[in-house]
Amino acid sequence: MPAGTFAVSTSQTMQFVDITAQVQKAVDASGIVDGICHVYNPHTTAGLTINEGADPAVQTDILTALQKIVPMNHPYQHLEGNSPAHIMASLVGSSVTVFIENGRLQLGTWQKIFFCEFDGPRSRKVFWRIS
Ligand code: ZN
């Protein structure tokens with residue numbers, strides 16, 4: 001089963017990074033034309049999501065809404081001080097699955113795959129596996 005990793009480096013505390021091209025490159029390298037692509041993020045303060053990539057305002061809106069949902073000022077017990085990032089990571093989830101047809105990721109017209117940084121900037125990695 002073809003598998004691998006690629007690097008994602010983030011430049012802001014909270015940031016969406018469009019990784020669709022890297023995932024499609026993994027599909028191309030796999031040689032699999034009809035199958036399933038699994039993408040997995042192994043970090044506890046980052047996540048993965050699929051959403052609109054056409055208007056960057058959507059990414060901003062999701063990030064600002066997450067900041068409303070998860071308060072910065074709360075009596076968190078985790079001493080590292082980054083509990084909001086851990087909670088946001090759980091809210092968006094740590095993996096996505098996309099079907100592959102004719103060698104292409106079967107995303108909707110406006111969909112992109114995003115790496116979601118919640119405790120950057122950092123050097124991150126993403127795992128993929130294709131079956
Ligand atoms: Zn922590």
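The arrangement of the 4 donor atoms around the zinc ion is irregular, because these atoms subtend angles of 92 to 151°. Four donors are classed as tetrahedral if all angles lie between 85 and 135 degrees; four are classed as square planar, and six as octahedral, if opposite donors are over 155 degrees apart and all others between 65 and 115, and anything else is irregular. In general, the ideal angle for four tetrahedral donors at a metal is 109.5 degrees.

The model is predicted: local features need pLDDT of at least 70 and side-chain atom pairs count only at pLDDT 80 or more, whereas totals for chains, interfaces and linings use all residues. Residues are numbered from 1 along each chain as its sequence is written, and side-chain values use heavy atoms, with hydrogens and water left out.

The zinc ion is coordinated at 1.9 to 2.2 Å by His78 through NE2, Glu80 through OE, Asn82 through OD1 and His86 through NE2. Donors are N, O and S atoms within 2.8 Å of the metal (3.2 Å for Na, K and Ca); water is not among the atoms, so sites may look incomplete. The spacing of the donor residues in sequence is H-x1-E-x1-N-x3-H. His78 has a relative accessible area of 35% and is therefore partly exposed; His86 is partly exposed with a value of 23%. Buried denotes under 20% relative accessible area, exposed over 50%, and partly exposed in between (1.4 Å probe, protein chains only).

Asn102 counts as exposed because its relative accessibility is 61%. Most residues other than glycine have a negative phi, and most peptide bonds are trans.

The structure contains 2 salt bridges, each defined as a side-chain nitrogen of Lys or Arg within 4 Å of a carboxyl oxygen of Asp or Glu. In one, the closest N and O atoms of Arg124 and Glu117 are 2.7 Å apart, and both residues are buried. A salt bridge also links the side chains of Asp119 and Arg122 (2.7 Å, N to O). Asp119 counts as buried at 18% relative accessibility, whereas Arg122 is partly exposed at 33%.
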